[in-house]
Amino acid sequence: MDCRVCVATVDWLMMAGGGGVGQIGGAFSHDSEHDLALMVSDFLENGSGGAESRCSSDSDSALPDLSHLAEKIPFCKISVAQYESDLLSVVNSLILSINETDLHFIKSGACNASCIRFSLVKLLRRSGYDAAVCATKWQGSGKVPGGDHEYVDVVNYNSSGTSERLIIDIDFRSHFEIARAVESYDRILNSLPVIYVGSLTRLEQFLQIMVEAARSSLKQNSMPLPPWRSLAYLLAKWQSPYQRRDEQNNGRTNFLDHKQCSEHLKRLQSLLQSEMEVKPIKIDNNRRRKAEQRRRHHL
């Protein structure tokens, strides 16, 4: 077996702590950790993570061009309904308003940054939104490991009596971190929104782009796409059955209980401020129309 696969497997384990396998705010669940161990064992024994993760003998020309994939990201970011755009502005403002001390009143004991999501939900509900923290959990199937995830959703009720569910993920980029990424992949990763706010449909467009980009980046280093970066695994995080909660068990705690949460909050707010300082890219209408046609053709 190629030793690069062994090294890559260890790298993936290290990267998983930033939004990867079965994590909620950076922590593994016992079930997910067990599934991950099985996946790693399969990689080490068989040198493969299933059909979609194998190193192919095909030429790199068969892989999507990273620069072409990079062009799709801005259109996914701007192709939003007005309600989504307004909600994103509200979420960004609320995240920046959260103080470290606020986290101490949300949950007693260490909570692995879950308290940030509950703090956001509390502020959203005060602003009149039907918001909740959603927890998903799914069983492994085939080469896709089981796992769990936590995010926020907002239900928007229309005047016609229908409703639309919007997803809020406060650590969006971490889901796509990979080992030994090429420079062009890192540029695509950093072009993603810091916080995702939008529909499941638009979320799936981001996932499809990033899976192809990750596959292309890893292939350049002769590394396979790990199962926990596959489209099936990523979709499971947001499409699996979920439970909604709008309140966490209250109880003031000391600083040590929320040290990880405080550090996560500072990093999130710093990234968010940097993103908001960047001026939006102006796109020529003709170029935009052509890019939209290419996007519909490839997605």
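Among contacts in the protein between residues at least 6 apart in sequence, what share joins residues at least 24 apart? The answer is 76%, where a contact means heavy atoms within 4.5 Å. Keep in mind that this is a predicted model, in which local features need pLDDT of at least 70 and side-chain atom pairs count only at pLDDT 80 or more, while totals for chains, interfaces and linings use all residues. Residues are numbered from 1 along each chain as its sequence is written, and side-chain values use heavy atoms, leaving out hydrogens and water.

Now for the parts. You'll find eleven helices and five strands here; these are DSSP runs numbered from the N terminus, with helices (H or I) of at least four residues and strands (E) of at least two. Of the 299 residues, 47% are buried, that is, under 20% relative accessible area with a 1.4 Å probe, protein chains only.

Let's look at one pair of helices. H7 (residues 183–191) and H8 (residues 200–220) have axes that come within 9 Å and cross at roughly 160°, the axes being lines fitted to C-alpha atoms over the stretch in contact and the angles running from 0 to 180 degrees between N-to-C directions. So H7 is roughly antiparallel to H8, a label for angles over 145 degrees. On the H7 side are Tyr 185, Ile 188 and Leu 189, meeting Met 210, Ala 213, Ala 214 and Ser 217 of H8.

Then there's H4 (residues 82–97), packed against H6 (residues 114–126) at about 120°, with axes 10 Å apart. That makes H4 oblique to H6, oblique being whatever is left after under 35 (roughly parallel), over 145 (roughly antiparallel) and 65 to 115 degrees (roughly perpendicular). Among the residues making this contact are Leu 87 and Val 90 of H4 and Ile 116 and Leu 120 of H6.

How values were computed:
Buried means under 20% relative accessible area, exposed over 50%, partly exposed in between (1.4 Å probe, protein chains only).
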